[in-house]
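User: I would like to learn how to read the features of a model like this one. Can we go through it step by step?

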Amino acid sequence: MAIFGSSPTIFFIPRTIFFQALFLLTGVITTLGNQFSFYQGGAEKSTLIPVFFNFLGIALGGLIPLPEAYINNKHSLPHLRLCMIGLIDVLGNMLCLIGLIMVGSGTYQVIYSSVVLFTAFFARMFLSKVLSIHQMIALLVVSGGLALSAVGSASSAGAGDELSTSTLLLGCLITLIGSMCYGLVYAMSEGVLSQPDSPHPIQVQTMAGVWGFGAVALYFMFHTLPNFNMLVVQPITARGGSPTALVVTYATLAASAFFHAVAYFELIQTTGSVSTGVLAALRAVSVFAFSSIFFCDLHHEQCFNFWKGLSTIFVMAGLVYYGYSSKKSDGGKGKSMDLPLKNPKSSSLESSDSLEKLSSKHTA
């Protein structure tokens with residue numbers, strides 16, 4: 001990526017390790033920042049304020065200079081597909097924000113880790129990728145871990161607390177659907193980037209971010225701003241939130257979204273699914289730990305317990321095994337279940353046919 005040049009080291013750190021750390025750090029910051037803004041009263045579900053700043057950060061990818069070979073390639077951008085990617089990404093963001101608020105950042109992050117498996121599912125459905133027996137086993141392991149997380153959330157609500165239990169289970173389901181949306185976005189992005197003369201990943205990031213930001217900005221303009229006092233000012237006052245802390249948090253969320261996207265595209269091109277799967281698992285564990293430290297006294301669901309520990313073990317094992325089996329099953333045939341967004345110049349006639357199949361699915 002041009003923003004960090006092409007040097008094999010960045011700040012004396014090996015390039016790949018630097019981007020792995022950046023990807024992990026920004027992922028944790030985003031989740032905890034969203035949760036913090038909610039506890040401060042500045043992220044009520046209907047305002048979409050965190051979503052607004054998330055897409056602002058992604059759209060700022062347009063500030064990154066493109067390699068010269070791509071500068072004259074802008075006319076080939078598939079705007080309709082990028083619009084679809086942006087709008088589905090908005091839906092995923094909205095659902096995941098609601099789920100985060102309902103279940104807490106610890107449980108949320110474990111469920112969100114399933115995005116790698118949904119990516120595999122949609123890549124198999126739309127892009128003709130083959131799912132091996134080992135990958136199916138990994139999917140079952142992670143699914144079992146997610147079920148344990150949901151069971152733990154229900155049991156921690158307490159006997160007789162039916163409203164709390166149903167809310168937590170609904171939050172788990174909403175987060176799962178949001179993760180499915182993210183998986184679809186990744187698979188669609190792979191379809192775009194596997195075309196001959198495909199755009200640069202930063203172009204895909206930027207245009208999808210612009211479409212998503214435009215949709216959220218319209219909602220913000222016609223719903224959040226006209227009701228700003230009721231939806232934003234009053235909740236902040238009621239929760240004793242700090243406007244200054246919230247402004248800093250929103251700016252941090254935008255910056256985190258920007259660097260998270262930059263790190264994601266870099267890693268997809270250099271390390272593939274093994275690294276990303278491990279990082280997703282590490283991100284879940286990291287959020288569990290920090291949520292328990294910072295938010296346990298604010299909401300009991302943020303506290304670490306036996307079920308979260310067991311769920312974490314299952315999810316980590318499943319994701320790591322999935323990443324390992326994906327790499328092992330590649331065989332150099334272009335059919336691996338690596339995460340999407342590989343080198344855009346490594347396309348084939350088959351990937352073009354797959355893209356046609358993907359397009360017809362969404363235009364039907």
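Analyst: We take confidence, then the fold, then selected residues. This is a predicted model, where local features need pLDDT of at least 70, side-chain atom pairs count only at pLDDT 80 or more, and totals for chains, interfaces and linings use all residues. Residues are numbered from 1 along each chain as its sequence is written, and side-chain values use heavy atoms, with hydrogens and water left out.

User: What pLDDT does the protein chain average?

Analyst: pLDDT is the predictor's confidence in each residue, from 0 to 100. The protein chain averages 76, and 75% of the residues score at least 70.

User: Where is confidence lowest, and where is it highest?

Analyst: Helices (H or I, at least four residues) and strands (E, at least two) are DSSP runs, numbered from the N terminus. Confidence is lowest in helix 14 (residues 349–363), with a mean of 38. It is highest in helix 10 (residues 228–239), at 93. Over residues 332–364 the pLDDT is below 50. That stretch still has 82 contacts (heavy atoms within 4.5 Å) beyond near neighbours in sequence.

User: How many helices and strands are there in the protein chain?

Analyst: The protein chain has 14 helices and two strands. Of its contacts between residues at least 6 apart in sequence, 85% join residues at least 24 apart.

User: What span should helix 1 have?

Analyst: The expected span of a helix is 1.5 Å times one less than its number of residues. Helix 1 (residues 15–39) has 25 residues, so it should span 36 Å. Its end C-alpha atoms are 36 Å apart, which agrees. Gly41 follows helix 1 and has a positive phi, near 90 degrees.

User: Which residue has a positive phi although it is not a glycine?

Analyst: Leu48, at about 60 degrees. Leu48 lies in the loop between helix 1 and helix 2 (49–59).

User: Is Leu48 buried or exposed?

Analyst: Buried means under 20% relative accessible area, exposed over 50%, partly exposed in between (1.4 Å probe, protein chains only). Leu48 has 4%, so it is buried. Across the protein chain, buried residues make up 55% of the 364 residues. Leu80, in helix 4 (residues 79–103), counts as exposed because its relative accessibility is 61%.

User: Which residues form the nonpolar patch on the surface?

Analyst: Patches are made of residues with over 30% relative accessible area and no salt bridge; like charges are joined within 9 Å, nonpolar side chains (Val, Leu, Ile, Met, Phe, Trp, Tyr) within 5 Å. Accessible areas come from the Shrake-Rupley method with a 1.4 Å probe; for residues, only the protein chains shown count as cover. Here the patch consists of Leu218, Met221, Phe222, Leu225, Phe228 and Val233, with about 590 Å² of accessible area together. Helix 9 (201–224) and helix 10 each give two or more residues. The largest share, three residues, comes from helix 9. Phe228 is found in helix 10 and is partly exposed at 34%.

User: Which side chains meet in a salt bridge?

Analyst: Side chains of opposite charge can pair when their charged atoms come close. The rule asks for a side-chain nitrogen of Lys or Arg within 4 Å of a carboxyl oxygen of Asp or Glu. By this rule the count is one. Glu44 and Arg239 form it, at 3.8 Å, N to O. The pair links distant parts of the chain, 195 residues apart: Glu44 is in the loop between helix 1 and helix 2, Arg239 in helix 10. Glu44 is partly exposed at 23%, and Arg239 is partly exposed at 40%.
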